Amino acid sequence: MAEIVAFEGKRNSRLFVAWGTAAIRDGEALINTTRQISAEFDPAEFQMLVSEGVLTELAAPIGISEEDAANPLVVLEIDVAEGFETELYLDRNRITTVLASSISGTRHCYVFASHEVFRQVANTLISQFLHCLLYVEKWKEGHDQLLRSAIALDAHHPVVNALRATRSKSPDAFLPIAKNNLRTEEARSVFESAWAAFTHDDLRYVLKYKGGLVRDEGGIQIGDVAKLMRLLQSAHGVLASSIARLHPFLDRPPETQLYELKAASAEFHFTVPPVSLGERLARYMELQMFEQALDGHVPSDGPAHPALVEAVRQIAAPTEETTVLQRLGAAALRPVRSAIEVTDASEEWSEPLTVLGYQSGLVRDTEQIEVNLFPGHRILVSSTDNGSGDRPIGLDFLQTSRDFLFRPALYKIQRWRSESRERFFLQEVVVMQPGAKGTATAIHSSIVPGAFVCNLSLRVARKTTTVLTFGNASLSGVDAQAVGDARKWMLAFAEICRELELTDTRHARLVPHGFKMPNLYEVLWAVAELGGKAHQTEVVQTINARFSKSALVNNTRREVLRNKALLQFAKTDSQVFVLTQEGRRYLGACNRITRRTQ
Amino acid sequence: MPNYRWFHAFRRNSPKEVLDVLRHGPKVHPNPKCDTRRHKGTLGIDPSCVYAYLGRTLEAFGDVAMVLPTNAVKGKVSPFDTGGLVNKIDPINGLTEGEKRTFLNAFTWPISKMPSLLQVHPTDKKAQVLKYLDGISPPSAAGPSVLWPNAKATSAIWNAKNDWRAWTWEVRSPEQVDASKLEQWSCSTTLYTDILDYVDSLGHSASWFGDIAARYVHGGVSDLVVQWKARQAA
């Protein structure tokens, strides 16, 4: 077995985290896992690299399998400092992508399969750090360390950069540097919001009416004002949920604050009070979102919520004769641009899918629930909105039961997608109590991560406390009370799904946004094309010619190591790949998917 | 033709020194006792030079790496890491100092010859270019003496005992390299936080750093090399 002995980069006592490409010692070789380049392991040279800060040596080596060692591994080290245990805690129940780990004193080390997987985890940690930093009452030295740690995890994060600039000794001088750390237009937009929320004094949003509702002599009737306030309250509920969902480091913003009412000129002034940075940002972003809604743009994280559409429609055009103007911050008053557009040509709803899974968590005071549908695939769904603004059916147990986690249940979900986003909405949940029966219409795909095999009709029944039947197969241990036990039956369930998917490949698939067949498919296809057995160089050339890629031998061999049931090295020559019978079946299913989706 | 870049990796003792290199360009290592300068003495390279490698670099050469276009560096080139000749590259490491110098001189050309040299190694065949960028040994020859027989030196350095350093193109520039052409750079993520703190302490006088920050790639030297592999092959 190989051992991770170090990672690229230098530990820094002014930070709580350090991370980098893993360095593996495998016998007499030292391997850089990102580049899969090895050199002879020379203890003296290794110590020199450590002392020069090129590598950080782990307190104790972490053993890793040959299969995992073929990945571009990343090591994250967290020094769990006193006073920041919550922020620096990596919840293994929620983060299931840790390949290996070790603890030495206060230092916790985690290994991830790639930079991409690491980035997702880094984002979760940054959210934990930011939640602390944005809502802290008294800033201490440790908070500077936490902010630096966030930068070390992602130097391009917009809110981290805005906060770093705010905390600068010379914010105006640091501002252009922070902006230069941003890499996308979306990041720049979030940065501007955060910078304004953290530093500007006037964050006032003004809504002004002219003509129509407004009396000729000036003023506005109290009934119209009351109605307007109710509509604003209604919009707030939807927008606040969007803010919390889009920015997990922010709490749901409190109710919109009316600061000034100029009745004679029918002007309503809303403001962001001088509270914590987190609340200021959440409130300011909500006002921005409201301003955009009055210009016809709904929050982009889901379909237009009916309550929001109706509220905005009435606020933006209470009568035909009324002109509505708005401004945010120092901008000048201007007419609202248009009523909200309910339908977007790119929007699309899937057919409802009824899938087996279990609930693994509650998020934001029960506003969202986390559902596990397959090993490594969880979705967050709203417990208050089924996509039409109504509460999903069957969620009463959240209020009446304390043991709602890990119980097998049938989830009826629907996918909403627009040009750039997708989101699942829960329609109904049926907890599979002993004696319960139901029908699943979809299973998670074993071939394409995040995809579903649809149009099925599989009987599901919980015959006893511990056993559940799914089609013709049985699952035991479904009375799990803990995440580890629930994962066990989910793994067994995944095997059943895989067999179902490979046995009959005719069914339709619902594939995720930006869907791309995994690299494994290309290797399987190339080996099959070359007669089921081929030298690795030929395989790589065939892939590159067919898929216009620049695949490399190392990456291609990695797929063989990872998928031993589908591909094997020839016994006589380890540079020759052989397609197994299972591999042929798998490729058949893959071909079916590509034909259906291309 | 591939979009090759020169990679220069270095290490310095403070954020200020790192920024000095990124801002004004790499120049000869300030410490005469550093490995690079000692090796050059052995090989008789005079004057001391700045070193860069075509297509990639090694994190062991430094925790900061710069990516430069091919026209940003002037000097002489060789199809191996000259530092490696001293004690890494088999069998040259076992030769006398005089023999090492002879070998180096036989495979040294002015950088102006680079387009024609690349036609010979790694050639412009896509598969060969990918192998070169991936650090895999050239399959076609036992060493540069096979590809350039007129060089009057023979040595099979492209063998299984050696690594990437035995077949990488290296440029040695006696002049300070032009940093205005810096395309991207990276360093360890912890060092970057120190750099930001240092820049912050300079206040308005550090406005020049904005342009350097815009070229920073988060993730470290290895990640920078991997990201550029695909871009160079395209």
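## Salt bridges in the whole model

A salt bridge here is a side-chain nitrogen of Lys or Arg within 4 Å of a carboxyl oxygen of Asp or Glu. With that rule in hand, a search of this predicted model turns up 33 salt bridges over all chains.

## Where chain A meets chain B

Let's turn to the interface. The size of an interface is often given as the accessible area lost when the parts come together. For chain A and chain B, about 3,600 Å² is buried between them, with 54% of it on carbon and sulfur atoms. Chain A brings 47 residues to the contact, and chain B brings 42 residues.

Seven salt bridges are found across this interface.

## A helix pair within chain B

Now for two helices of chain B. The axes of H6 (residues 126-133) and H10 (residues 221-233) come within 10 Å and cross at roughly 160°, which means that H6(B) is roughly antiparallel to H10(B). The crossing of H6(B) past H10(B) is right-handed.

On the H6(B) side, the contact is made by B:Lys126, B:Leu130 and B:Leu133, while H10(B) supplies B:Lys229, B:Gln232 and B:Ala233. Sorted by class, this contact has three nonpolar, one polar and two charged residues.

How values were computed: Residues are numbered from 1 along each chain as its sequence is written. Chains are lettered from A and ligands numbered from 1 in the order in which they are written. This is a predicted model: local features need pLDDT of at least 70, side-chain atom pairs count only at pLDDT 80 or more; totals for chains, interfaces and linings use all residues. Side-chain values use heavy atoms; hydrogens and water are left out. Axes are lines fitted to C-alpha atoms, for helices over the stretch in contact, and angles run from 0 to 180 degrees between N-to-C directions. Helices (H or I, at least four residues) and strands (E, at least two) are DSSP runs, numbered from the N terminus. Angles under 35 degrees count as roughly parallel, over 145 as roughly antiparallel, 65 to 115 as roughly perpendicular and the rest as oblique. A crossing is left-handed if the near helix is turned anticlockwise from the far one by less than a right angle, and right-handed if clockwise. Contact means heavy atoms within 4.5 Å. Ala, Val, Leu, Ile, Met, Phe, Trp, Tyr, Cys and Pro count as nonpolar, Asp, Glu, Lys and Arg as charged, and the others, Gly among them, as polar. Buried area is the accessible area (1.4 Å probe) that two parts lose on being put together, summed over both.
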